[in-house]
Amino acid sequence: MIDNIWLVPLLPLLGFLINGIFGRKLGKNLVSWIGCGSVGLSFLISVKVFFELLSLPAEQRIFEKIVFPWIYSGFFKVNISFLLDPLSGVMLLVVTGVGFLIHVYSVGYMYEDNGFSRFFSFLNLFIFSMLMLVLANNFLLLYLGWEAVGLCSYLLIGFWYEKKSASDAAKKAFIVNRIGDFGFALGVMLIFWTFGGLNYTEVFQQAPSILVAGGGLVTAITLLLFMGAVGKSAQIPLYVWLPDAMEGPTPVSALIHAATMVTAGVYMMARCHILYELAPFTLGLVAVIGAVTAIYTASIAMVQNDIKRVLAYSTISQLGYMFLGCGVGAFAAGIFHLMTHAFFKALLFLGAGSVMHALSGELNMQKMGGLKGKIPVTFWTVFAAVLAISGIPLFSGFFSKDEILWKAFSQGNLLLWLIGVICAGMTAFYMFRLLFLTFFGKSRVDESIKSHIHESPKIMTVPLMILAILSVLGGYVGIPKSLGGGNNFEHFLSSVFGEKEMIIHHSAFTEYIVMIISIGVALAGIFFAYRFYISKPELPKSLAEKYNFPYRVLLNKYYVDEFYFKIIVNPLLKFATFLWQFIDIRIIDGTANGLAGMVNWFGGIGRKIQTGYVRNYALGMVLGVILVLAYFILK
Amino acid sequence: MSEYILTLLVFIPVAGALLLLLVNGSNAGLLKSLAFMVSLLNFILSLYLYFNFDSLNPGFQFEINRVWIQNFGISYHLGVDGISLFLVLLTTLLSAIAILSSWSAIKEKVKEYMVTMLLLEAGMIGVFVSLDLFLFYVFWEGMLIPMYFLIGIWGGPRKVYATIKFVLFTMLGSIFMLVAILVLYFMNYNYTGQYSFNFTEILQLPIPLNAQVWLFFAFALAFAIKVPMFPFHTWLPDAHVEAPTAGSVLLAGVLLKMGTYGFLRFCLPLFPNAFMDMIPLFSILAVIGIIYGALVSTMQKDIKSLVAFSSVSHLGFVMLGLFALNMQGIQGGVLQMINHGISTGALFLIVGMIYERRHTRMIEDYGGIARVVPIFSIFFMIVALSSIGLPGTNGFVGEFLILLGAFNSRIIYAVLGAIGIILAAVYMLWMLQRVLFQTIKNEENKKLLDLNLREIIILIPIILLIFWIGFYPQPLLSKMEPAVKNLLEYVEQKSDSITSSSGECDKICEKAEESSITKEK
Amino acid sequence: MEFIFFIILSLIAVISALMVILQRNPIHSALSLIVTLGSIAGLFIVLKAFFLAFIQIIVYAGAVMILFIFVIMLLTLRKDEFGQEKRKFQRIFAIIFSAFFLIELFIITNYTFFGKTEKILFTPADFGTPQALGRLLFTDYLLPFEIASILLLIAMVGAIFLARREE
Amino acid sequence: MVPVSYYILLSGVLFSIGVLGFLIRRNVIVVFMSVELMLNAANLAIIAFARNIGSLTGQVIVFLVMTVAAAEVGVGLAIIMMFYRNKKSVNVDDGNLMKW
């Protein structure tokens, strides 16, 4: 079965083509069957392939399949080919699994929308491109998947293209991604320049020999690739597009901006871990950016009122965590957090979607409250996810986040660990704030909607429940040794990341203390949230007035968008107008028309000689004779 | 048969044009279908060319070499190799599509229109297949005349200014080229003792370095104007905005490629040393072209001038590829020529279609038409993405190879060139957003009717080509590879031989100078 | 002896030439032109071109000048009013140019001829006679002769056509 | 024997007088006469040379020049007649239709 791995990406592609071309004529349920069926089938195949992979002994767990030659030019040989190893196996499961659940969910969610078939075709296209990205065995195919995923997020964010804000957000997402891809493309070229080939196996085998550890070249390659990751996974400089991407339908946010696409950067980092290990400077930078992004976006999330914006900022901050994990060298922990995050963040988004569904599109948390009784299933599933993300023990978030914090601590960079812990506290705070504002307290829902709040249909709640189970049990795959677990997740990935034992110079005891600190911080966060939003609801308002300036800064997202606009976008457009109006029309066209004008002017002078007086011409003749004679005399 | 195919390819449209002259001008239907039949036949013939093109032999194939004017040594020498094969295919394809697309667009003087189109096609194919400098020049200038009439008669409001500017710009360049051809002609006489314009013979001529530089600049000016490279590009937006749809499809799709083809076919092999010295200058100009073209097109108000400036940017990429002077760069350049022909040609077709319905090209007159004309917007979206160079479409393969080639030659050019990718996304998506998306404000947009069958038939082959080259460019690349490899080896070997033996060549150079003086007296 | 004739005739020629251009009345300038032509004919005789001298007198002085006088009379010209010259610089330039022209001729002549060709080569016996000229005309230069006759014919037709009275 | 250069000098002087007249006078007929004068000066020079080298060809040339001169006067005067008929004046400056 492992041989026809190419079936996994092919099915969503077929789904895309069928829904895309014949969508209108097929009718909604056939479209939904094709859409979900294709992803479901590829999920089953990937599960089977995953277990086949598991059955192989550790070091044989790598399988390449060349499908057909893509670009051959001189010694630049690249073909469409797939690589299956534990890392891509895990990603495969996450993408197709979570993807399938979201497909099922969106059948219910998007049922009334008349672009139904178009939505499903784009979703399938997205799954296809994400699978190409994950299964690629060379950097160029990775780049293809990379940009194709950017395209799908463009199409899906701008799905309701009537709304100007939606098409603006889509354009912004694509362009910011494109800036990241600019760096990524240069990285790929630099790799080709140094190694003469783009295949992973080739590059990673020759890497230690060709690249000098910590040298300029490897740092350049890793930095450029990281630039691509920053663009795609919305880290500090290029994160501005993710909050606006909430304009798209909620399942899109769940699938693309929580579970799969944004994690592409982390996957790429994990995939090129050999290169990154050779470039300590880049690793340090990655860790710092990860940590700073985490705490920065967590601070913004604390004051946002739009439920989806809160989740968007929390995604960026969790991604910051994953980069922090990779930055400190714990790639396995990063991927583990990626997996668990995919589960509970997708659940949160879908939960928010079903809340919106219930309140017929209401997004502002200030106009919610007291929904606990009315939509119980959504409440309990979201509650499970909130517990998981805040790092409460026994839930998946705890294991993966704690793993990263522990690895950060054990690697000795305490500052990063401290930032991580504070951020964990903030996460707990804003997640429970979200929970309390939407589900607890008195209902601030306005009258018209209040009457027909209803629980979402079964087709939406079943995926919620499955995701809830996953977000709870997901953590048990990687229970750390110190808590008696075999940490077989890391063990499983070791064949990819190599069996290097972290130099644990701390005893297990310190690990417990670290764990207790992080739990304590999380509980503190919850307590504050409880005090702010349940016991004394007016407290946040008074706090807001007192510290008005910081509050307003946080509310407007540190004015970063306006800053970017003023510093980059406006000058660029002004410069472009200048180029066009001044250089193009004034100078170049000016010279061309000027040349014509000059010829015209000379003509004018020439014309004046024709005075019309016969005697002038006589004079001219005689002058001519004189000059000729003079010439002969002087010669 | 294989020897006459190229002559047939060039002269069938001419025969078609003559045939059309006999048909009386009133029944336009017959005229149009006849013209389309001729161009279709020509396209099928070029497919024959494609299928029995032996992709292993790097030299010229389907060659025909007859004497044309004996005492001046002008020969009727046609030939096709890996590089020009696909350009010929592109020409025949685009001409057939252009004629089909002007079915409803052209109302008055249909006969003259079809005759000019067919003559234009003949001229264009002639340029790509002629291997005699004189013959090349004849086609190079000859092709200008139909284009002049196409823009001049059936163009938009400022058509006269645009077409005169177009012809004068090209003429200015080609005058210097003519002088250079004559200098080569006399040098050849001194070196071999008999007069000949034959390209393959002139190739053997070892030209000393100082002569090479001047001759290179003469040729380069003519081709740079045609490409168009940065300072000489202002004729392009005017010509495009004023040209009828079919005219601008051919103008963008084929005429611009003659400049880059000229660089590859004539400048590189004839003057390798000068070419290598000029790499920094031309690469910088190419990069400026890319960024300048992209930036300026963001601010355009008119869709056609936006697409025109975008082709300045795309051809800047092609030039960057050519001047990278390695396998990837040149192959990318040639492939990008074809891709640009397809995607920008399609863009102009699409703008033409919407223009036929709304009679305006201003972006702000549109908005939110995706709801009203879904099929049109899907095609528009796909072609726009292919022109941005999205992986999976044809643009990406060419652009990536070019940037890779530029990266291998000098990293800074690739980095600056890559900025072009971002800007490409900016202007194209912004335009798409303002045209297709957002809410419908304008009443007329509501009454737009979607593409009819004919228009869909026009666009289908293009969309197929876009994805075929995007996912499986091997047939094109493999057929190009021997020709490009041979060209590079030849240039390498010739440039070394010239630098090493430059002493001996100076003697020839002096002789050439004073002998050409004696000629004039 | 010959020299004296030459001096007298050339003086007459120069003075009458000046009179031609300086006279106010065109009739007087026409008459002085006839005197010039006569003096030139005299010079021809000095140069032993007898036949030509007579032709000069008959054709030029006789026919051409008569035409001139005829036209002057026909057009009943009053005296030229040397009115205000519209284009002032014209006169000054004219004088400068002709002076220049004269100087250049002097330079050329003395530069090329003075003192070099004093002696006369042999002169055939019937040098200036009509027989010699006639023989030459009708043998070697027959074609120019015929063309000259056609030219005259055309000139006549042209003159008649141009000067006919409109109906 | 009178040296040739004197004759040439004489014809030069006559010719310049003709040029002067041609440039100064405003009366068409006088201009025309000065042209005739220039022509005769040229004839004189030709005969002088012919005499000097003793060839009869010079005389044939002058003979033909005279026929041409005669034709020229015929046509010239006809033109002057036309000019007068149109412009009612003989002043050269009135013929300025060619003014830019």
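This is a short walk through how the chains of this model touch each other.

Quick housekeeping. It's a predicted model, where local features need pLDDT of at least 70 and side-chain atom pairs count only at pLDDT 80 or more, while totals for chains, interfaces and linings use all residues. Residues are numbered from 1 along each chain as its sequence is written, chains are lettered from A and ligands numbered from 1 in the order in which they are written, and side-chain values use heavy atoms, with hydrogens and water left out.

Okay, who touches whom? By contact I mean heavy atoms within 4.5 Å. There are 4 pairs of chains in contact, and C and D share the most contacts. Chain B doesn't join in there: no contact links B to C, with their closest C-alpha atoms 29 Å apart, and none links B to D, where that gap is 27 Å.

Let's start with C and D. Chain D puts 69 residues into the contact and chain C puts in 85. Together they bury about 7,200 Å², 78% of it on carbon and sulfur atoms; buried area here is the accessible area (1.4 Å probe) that two parts lose on being put together, summed over both. For salt bridges, the rule is a side-chain nitrogen of Lys or Arg within 4 Å of a carboxyl oxygen of Asp or Glu, and across this interface the rule finds 0. What about polar contacts? The count is 3 residue pairs between D and C, both residues at pLDDT 80 or more. That term means a pair of N or O atoms within 3.5 Å; within protein, one must be able to donate a hydrogen and the other to accept it, and residues adjacent in sequence count only if both atoms are side-chain atoms.

On the chain D side, H1, H2 (28-53) and H3 (57-87) each give two or more residues, and H3(D) gives the most, with 23. Helices, by the way, are DSSP runs (H or I, at least four residues), numbered from the N terminus. By class, that side of D has 49 nonpolar, 14 polar and 6 charged residues. Nonpolar is Ala, Val, Leu, Ile, Met, Phe, Trp, Tyr, Cys and Pro; charged is Asp, Glu, Lys and Arg; the others, Gly among them, are polar.

Among the residues making the contact are C:Phe3, C:Phe6, D:Tyr6 and D:Tyr7.

Now B and A. Here 60 residues of B meet 48 of A, burying about 5,000 Å², 73% of it on carbon and sulfur atoms. This interface has 2 salt bridges; A:Asp589 forms a salt bridge with B:Lys165, closest N and O atoms 2.5 Å apart. There are also 14 residue pairs in polar contact. On chain B's side, H18(B) gives the most, with 13 residues.

Inside chain A, A:Lys172 pairs with A:Asp561 at 3.2 Å. A:Lys172 sits in H6 and A:Asp561 in H25, so the pair ties together parts 389 residues apart in sequence.
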